[in-house]
Amino acid sequence: MRVPLSWLREYVDLPATQTGRDVQAKLISAGLEVETVEHLGADLKGPLVVGQVLTIEELEGFKKPIRFCTVDVGQANGTGEPQEIVCGARNFAVGDKVVVVLPGATLPGGFSIAARKTYGKTSHGMICSGDELGMGDDGSHGIIVLPPETEVGKDAIELLELVDEVLDIAVTANRGDCLSIRGVARETAIAYGLPLSDPALLDVPGPNAFGYPVQVLDPVGCDRFTARTVTGLSPEARSPIWLQRRLQKVGMRPISLAVDVTNYVMMELGQPLHAYDRSLVQGTIGVRRAEEGEKIVTLDGVTRTLHAEDLVITDERGPIGLAGVMGGANTEIADHTEAEGTTDIVIEAAHFNAVSIARTARRHKLSSEASKRFERGVDPQAASAAAQRTVDLLVLLAGGTAEAGVTEVISPSAPHTIAVAADHPDKVAGVEYGRETVVRRLQEVGCDVYGQDELIVTGPSWRPDLAEVNDLAEEVIRLEGYENLPSTLPKPPSGRGLTHRQRLHRRVGRVLAGAGYVEAPNYPFVSEQVFDQLGLAADDPARRVVTLVNPLNDEEPALRTSLLPGLLGALRRNDGRGSHDAALFETGLVFLPREEQRVAVSPPVDRRPTDEEIAELNAALPEQPRHVAAVLAGSREQAGWWGKGRPADWADAIEAARTVAREAGAELVVRSGQYGPWHPGRCAELAVVADGAERVVGHAGELHPRVLKALGLPARTCAMELDLDAVEQVGDAIPQAPSISTFPVATQDVALVVDKFVPHADVEASLREGAGELLEAIRLFDVYENAEQLGEGKKSLAYALRFRAVDRTLTVDEASAARDAAVALAGERTGAVLRS
């Protein structure tokens, strides 16, 4: 919400010395998030005056139309002579009043104005557009044409209110009242302890039988509807400069007088309004739910198919507006530039159900200033005042006549009262405020308060967020100042701390960061189309997803079953922004639907749920194992004077998985595999042994070129993903210190010839088992292929075997016997023979 300080001062008599920064500090202390204070016209310097165009000479021979003008600026130039100015704009004529900046002035952005020769003429200044003055576009896409009655030579800086300060406030979802000048003025008045001149305090005539006919068929969706009629409006009437400037300062573009007035009142009072061309409305105005499949063309020119839950405004023909979101094109107010402008209008000021409006706006992807306010909460009591304010402005500015008829359709409702102990805010804050302070602060925000030790509080109509006792406590605390709350560190009981699972997750993050990976957390939402891009089979279990009923993004409605889509998206963004050497990781939950779907029961609110009730709730949730994943692209080691460097490859992805497993105290079984997004010849299947059986817990390697193309990833991108919970289950929770033997090691090397299709993991497992307890370590140090020496379809695997006994020095015979036993078992199981 953008709030001009000049407009704010109209309702709160702030001291003249108070700047926008001062007001910002006060409002932040009161709990409003004022992000910035924009200083309009801070670097603007005159002379900037009103001029009248006397003559226009069209200059020929140039690529674009150029005009040489003489402009009467009165005595502003010191001579009274017409000012000669070259201008390229076409939206003005002889006799028009325009804004002229004279030599010696400075425009926003530090642009200095001086006489200069251009297009064969000397231009003594400029005829200005709104953009050049920092005002924004007024819809003309050209220079500013002022009303004919504007005085020549008048200071345009003052006329156009070019110097001001604008507070930009980030309004939270529960403070819809602050989406208006009235709401922010109320907060400012409280913060300064000053009275508020409430713009909604107007004399409003009561409803009568002569108003425009309205029928509300859905009182739940619309509990209040006010209609007023104004006739005899001048079609040529334009919004005055002050009204246009205020709209521009709050971020809205002036359109036409009737529309500008409704927008102005909405920004002033927070009540969205809509104006209908009375000649285009046929019969009674109605409010109802749409019929499934009904269509409406909204003001933005889009034909929309309606849902049965959409609340619509209708006449005899059908829908003429999406209630609380946007009006329909078939009753649109005609612009003042049209030949037959609107002269009679019907003004709608209604109060709609917040949830209904929010769902309609989201369903049609149509967020408007009106829907933004309705879904956050609008003051229902302000509807009649807003309609009256609109009527008054239209009569004043367009010469209209307010009809005597007033329509108000109201669904009766009881005020919401809250019983709260007078010392409840004290207990929440840990500060002794006292009853008087509590009552005073609640009354300042508009509450009616009765009682002594127990207070009966009725919240104001503009604060629907005050629903329970803690909301009232928050009001007292924020107005007394969050900065005045004591800071106390909690004292945890002994024996508490992180669980083993939490400690492991932190260690995994630290060890991957130490290996050069950067953590990149992602949202857990995915599109189901990403599984096609990853090349998953049609029956892959990862395609079974949990779909959200109300996703944040309709294009990503499912919860992830893998961390890779988010990580690969982060890698693509980084590569697109020039970070071509990337190594990213993430640990996080994935969501797997259960075979049996259960409906979660609502837990009690008057006590803590029992362990059985919590277990029943958890059983209704999807399974949520924690995974860890890493992706790599570009160089793994940079080139320099120290060496040539090397690119990241599949081995780095596998090593990342081994690093995680070592941190968990588990041992990975790594073998050749084939799965989904990975290249079939460069994919490792990762498994752990649990209860004597192997369990696949992930994959690592280089991604398939088709996947890289589908996702827009760099060539040779590598990835790894592990089920961290499964690895933790088989890991040793007790850290193992390295053992240092006092006895020497005996090293034996063997080179075994096997068929090419035999995995190294199978050969290593056979050697390890055959060597027995004396084997301390085994390492593959060479792979060799040569058809002439080894034979067709053969390869040589060379291993270094380290033998050591814990109680003695091994003899050569013992080490050789262990080696021979290892080779024999490898030959029996894999067909390996010693290379001669």
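What do the buried residues of α7 pack against? The model looked at here is a predicted one, so local features need pLDDT of at least 70 and side-chain atom pairs count only at pLDDT 80 or more, while totals for chains, interfaces and linings use all residues. Residues are numbered from 1 along each chain as its sequence is written, and side-chain values use heavy atoms, with hydrogens and water left out.

Back to the opening question: the buried residues of α7 pack against β17 (285-289), β20 (311-315), β21 (318-322), β23 (345-352) and α8 (369-374). Helices (H or I, at least four residues) and strands (E, at least two) are DSSP runs, numbered from the N terminus, and contact means heavy atoms within 4.5 Å. Helix α7 covers residues 354-363, and its buried residues are S356, I357, T360 and A361. Seen down the axis of α7, these residues fall within an arc of 125°, so they line one face of the helix; the arc is that of the directions from the helix axis to the C-beta atoms. As for the terms, buried means under 20% relative accessible area, exposed over 50%, and partly exposed in between (1.4 Å probe, protein chains only). An α-helix has 3.6 residues a turn, so residues three or four places apart point the same way.

Both ends of α7 have something to show. At its start, a side-chain oxygen of N353 comes within 3.1 Å of the backbone nitrogen of V355. Just after α7 comes K365, with a positive phi of about 50°. K365 sits in the loop between α7 and α8, and at 64% relative accessibility it counts as exposed. Another positive phi, about 55°, turns up at D691, which is not a glycine. D691 belongs to the loop between β36 and β37 (693-703) and counts as exposed, at 85% relative accessibility.

Then there is the largest pocket, which holds about 1400 Å³ of space. On a 1 Å grid over the protein atoms alone, a pocket is an open set of points where a 1.4 Å probe fits, with protein on both sides within 12 Å along at least five of seven lines; lining residues have an atom within 4 Å of a point. Grid points are joined across faces, edges and corners, and the volume is the space filled by probe spheres set on the points. The lining has 36 residues, with R658, V670, H760, A761 and E764 nearest the centre of the pocket. Among the elements that each supply at least two lining residues are α20 (760-771), β40 (775-784) and β41 (794-803), but the largest share, seven residues, comes from α17. By class, the lining has 20 nonpolar, three polar and 13 charged residues. Here Ala, Val, Leu, Ile, Met, Phe, Trp, Tyr, Cys and Pro count as nonpolar, Asp, Glu, Lys and Arg as charged, and the others, Gly among them, as polar.

Two more residues round out the tour. H627, in strand β32 (residues 626-633), is buried, with a relative accessible area of 12%. The H627 side chain makes a polar contact (3.0 Å) with the side chain of E721; such a contact is a pair of N or O atoms within 3.5 Å, where within protein one must be able to donate a hydrogen and the other to accept it, and residues adjacent in sequence count only if both atoms are side-chain atoms. V469, in helix α12 (residues 469-480), counts as partly exposed at 23% relative accessibility. Not counting residues up to four places away in sequence, V469 touches I418, A419, V420 and H424.
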